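Hello,

Here is the structure I promised to pass on to you. Please have a look at it first, and then read my notes below.

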Amino acid sequence: MNQHFRGITFDAPPNERDRPCTPLDKIDAARAAQHLVAYTPSDAELARFFDRGRSELGSAIELSVIRRVMSANPDTVHALALRDQHDITEPRAGGFIAWLPLTASGLRALLDGTFDGSDPAPEHVAAQHEPPAAIYIWAIYAPGRLAAGIAWAWQRWSTPICRDADIYARGVTPNGRAFARRIGFEPCPSTETTQEHLYIFRRERDSRPLYDSYPSTKLKHTVTVVRTHDDLAKVMAIRAAVYMSGQDCPYVEEFDGNDFSATHLLGFTGDEVAACLRIRWFAGFAKLERVAVLPKQRRSRLAAVLVKAAHELCRMKGYTKVYGHAQTRLVDFWLRAGARPFPGAQQFHFSDHEYVEMLAEIPEHPDAITIGADPLLIIRPEGRWHAPGALDRSRSRPANCPETDRRTAR
């Protein structure tokens with residue numbers, strides 16, 4: 001299967017084009033890749049790949065671009081070799097696979113047609129240890145048995161840092177598009193701006209959105225929107241433990257008068273509530289704040305899951321900008337969550353801690369709630385827009401206007 005650096009061109013060799021394929025997520029990756037060695041190529045080997053790619057794949061990409069991208073994130077280009085032919089003292093790979101872990105802005109550019117695969121903008125490529133918003137298959141050259149490289153790549157895309165990211169690719173030739181479908185890719189919903197022949201491999205997920213995932217038999221960490229007095233009491237207990245007890249924050253500073261004008265999320269590990277956060281809504285942006293995680297869960301992924309759920313909730317409500325004040329000691333966490341200090345961001349202090357302004361730009365949700373949506377959907381419980389509520393069920397009764405009838409009887 002071949003692929004151009006300009007963007008994916010899935011194209012199996014002629015004798016393999018009709019061979020049945022297994023979807024990516026059903027591949028026995030360990031078995032498929034057991035005869036394969038994958039490694040980061042040296043600069044000399046990268047140059048050799050580049051020359052081979054230009055002659056055999058017709059790529060017009062500049063070698064300097066590949067070097068720039070690999071310098072920023074070495075986990076983007078990988079050499080492939082057969083294990084029985086690999087010599088560690090003098091490696092000579094027979095193929096390669098390259099992908100770009102995209103930031104939220106990179107995914108937006110990919111979907112609106114402004115992404116340049118031949119010279120990706122630095123801000124469109126995530127750092128090596130940053131969870132990507134999506135994975136874009138940049139280039140594949142893997143003839144013969146090296147085609148198992150896609151199975152090896154699937155293992156890498158299934159690690160905790162990448163497993164929630166959908167995978168995108170471009171199918172340029174008819175054979176390539178057919179092959180993409182056979183391994184589980186589907187065409188992206190077409191718009192006027194979406195790149196032509198853009199394909200997506202969607203990850204299997206719980207049918208419920210992450211912000212309404214508690215309880216779950218599949219997920220370790222889950223989230224719910226606070227809708228009851230009991231849930232709000234849990235929020236206040238967690239924040240009292242984390243901020244008032246753990247950080248000596250005065251009560252009047254922690255419970256600041258904004259709790260009844262905000263949306264709260266609770267995070268669970270199993271059935272145990274262990275984290276919370278608060279979202280306040282402004283014109284054009286949402287603000288994440290009061291993120292609190294009990295000490296015994298601070299080495300888990302719960303905080304990351306909670307913030308991701310908050311971003312999804314913001315997207316569903318039509319927001320693409322999520323603003324926050326990050327304690328300077330926690331900036332790395334917020335960077336991994338997709339936030340960045342922005343031009344003109346201020347550093348300041350309050351309540352005994354140093355803070356910096358940060359902003360996460362998140363992709364627009366294709367099903368965001370807007371005027372024109374089903375009126376009954378808009379009045380469903382917060383965060384449960386995906387499921388019919390009590391007022392949906394009330395449609396089964398006729399509109400008999402009981403108040404009017406009572407007035408008439410008087």
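Let me start with one residue. Leaving aside its neighbours within four places in sequence, serine 213 is in contact (heavy atoms within 4.5 Å) with Arg208, Leu219, Thr222 and Val223. Serine 213 lies in the loop between strand S9 (198–201) and strand S10 (221–225). It counts as buried because its relative accessibility is 1%, where buried means under 20% relative accessible area, exposed over 50%, and partly exposed in between (1.4 Å probe, protein chains only).

A word on the source: this is a predicted model, in which local features need pLDDT of at least 70 and side-chain atom pairs count only at pLDDT 80 or more, while totals for chains, interfaces and linings use all residues. Residues are numbered from 1 along each chain as its sequence is written, and side-chain values use heavy atoms, with hydrogens and water left out.

Now the whole chain. It has 13 helices and 17 strands, which are DSSP runs numbered from the N terminus (helices H or I, at least four residues; strands E, at least two). Of its 410 residues, 46% count as buried. Among the contacts with a separation of 6 or more, 68% are between residues 24 or more positions apart.

What about the surface? The chain exposes about 21200 Å², with 52% supplied by carbon and sulfur atoms (Shrake-Rupley method, 1.4 Å probe; for residues, only the protein chains shown count as cover). Methionine 236, in helix H7 (residues 229–245), is partly exposed at 32% relative accessible area.

Best wishes
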